[in-house]
Amino acid sequence: MWIGVKDGKYHMRHVCQDSDELNTYGWTQHNGRDFGHQVLVDQGLKLTTSFLKSKSEGSGYGGDWAVQIDVQTDKPELDNEMLRHGHLFFYLADESRHVLSLAGTNLDTDKNSLLASGSRSDIGDWQLHLKSKEVLELHYSGFSTPHIHNLSDLVQHNLGAQVRKFGQLLLSDSSEDSPNILVFQISASIPFKADIAFVSGTKVKTSKVKERVSRLTGASLTSLLQDKQTEFDVKFERRFNVADKLEPDSTIVGKAAIANMLGGIGYFYGQSKISIPENSSLRGHDNFISYWPAELYTAVPSRPFFPRGFLWDEGFHQLLIWRWDVHICLDIIGHWLDLMNMDGWIPREQILGSEALSKVPEEFVAQYPSNGNPPTLFLVIRDLLDGMEKKQVHCH
């Protein structure tokens, strides 16, 4: 989350939406598994975010990850304070309501890079670290709530109260009891860079936390990210073989297309609402019943407008994705088929969880069993079988 400037006013940016009128946003590279590189241009502000996942000895389930954030400006208007200073918000949220522990009330990453820590049964003990060569001003706020989808509102309310009291656009450096959300505000003069590393399994004797944090920050992280960028370019050419067929500019567009497809893949969990026919004996006050609690791993048609799974779109998505990574494709198809009921029907639009629900007007939420979709998953299955016969698919 960050604060942008438009028409001389501050604007909070968080979820991906066209109404923010960013000049540019999107993944330029993403491999669908452990690396992505994203460029966001918001008026005069240019944000580059890169992430890397890493599984090393001692790390817990899911491994470690790091994010490198680079803030630049193409408008060095030094007389304008709004454009000289950047405000980023990096947050950590636990939907299971596990308590997150703040490293201290006076955050000073020069002396100690630790921001927060906690524990979960699935990944063990974990720590979150921040490192930067620049002088950063850090502030924080802690929230205790099951409602994570409205985090923008919580942060804006906190900042608004601070501005009214002290005239400063800075978080309150306070926390509610037993917080399950911690928001860290990183403020600095533009340009600046910051690296954030998450390490899991930190209580194990062989965890080597210091070495792992060092590897996932600074020059080491930059080098690892450059290696991943090269790997992406090599794999793109190997998979699609377009170097002799396309101009360089078209190749850049192709890379962005596959990167945004893979970068849009998400994991969702919740229950669909199914409309009940008018002549049904089940019909009651709400006129719908809930599908079973389900998980869905899927690509999405559009990050700003349709950030959720759609059945027939997914058939077309997977025609591209299996050529990049057949295992991701098979996993996604399996999740979709697991949503089929005893009549062979799959709800066509998957609005699972409060975050997905927050983007859909209520009248469009209920799914109708009378509505089917063209069975595009058959296109993928047929394509996969054809690829296996031609030895193009390797499902080991």
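Two strands pair if DSSP finds at least two bridges between them. Strands themselves are DSSP runs of E, at least two residues long, and helices are runs of H or I, at least four, both numbered from the N terminus. This is a predicted model, in which local features need pLDDT of at least 70 and side-chain atom pairs count only at pLDDT 80 or more, while totals for chains, interfaces and linings use all residues. Residues are numbered from 1 along each chain as its sequence is written, and side-chain values use heavy atoms, with hydrogens and water left out.

Start with the whole protein. It has 9 helices and 20 strands. Its C-alpha atoms fill a box of roughly 60 × 60 × 50 Å, taken along the principal axes. The radius of gyration, taken over C-alpha atoms, is compared with a globule rule of 2.2 Å times the number of residues to the power 0.38. For 396 residues a compact globule would come near 21 Å; the protein has 23 Å, which agrees. Of the 396 residues, 46% count as buried, meaning under 20% relative accessible area with a 1.4 Å probe, protein chains only.

Now the sheet. Strands of a sheet pair through backbone hydrogen bonds, either parallel or antiparallel. Here 8 strands form an open sheet in the order β3-β4-β5-β6-β14-β10-β9-β8, and the pairing is antiparallel. The edges are β3 (24-30) and β8 (101-102); each has a single partner strand, so one side of each is left without a neighbour in the sheet.

Look next at β14, residues 192-200. Of its 9 residues, 8 are buried, so the strand is largely enclosed by the rest of the structure. Strand β6 (residues 64-73) pairs with β14 over 7 bridges, in the antiparallel sense. Asp 70 stands opposite Lys 193 in β14. Strand β10 (residues 124-131) is joined to β14 by 6 bridges, again antiparallel. Phe 198 in β14 is the bridge partner of Leu 128. Strand β9 (residues 114-120) and β10 run antiparallel, joined by 6 bridges. There, Arg 120 stands opposite Gly 124 in β10.

Finally, a pair of helices. Helix α4 (residues 218-240) packs on helix α5 (residues 248-263) at about 95 degrees, with their axes 11 Å apart. That makes α4 roughly perpendicular to α5, a label for angles of 65 to 115 degrees. Contact means heavy atoms within 4.5 Å. From α4, the contact uses Phe 232, Asp 233, Phe 236 and Phe 240; from α5, Thr 251, Gly 254, Lys 255, Ile 258 and Ala 259.

Conventions. Axes are lines fitted to C-alpha atoms, for helices over the stretch in contact, and angles run from 0 to 180 degrees between N-to-C directions. Angles under 35 degrees count as roughly parallel, over 145 as roughly antiparallel, 65 to 115 as roughly perpendicular and the rest as oblique. Buried means under 20% relative accessible area, exposed over 50%, partly exposed in between (1.4 Å probe, protein chains only).
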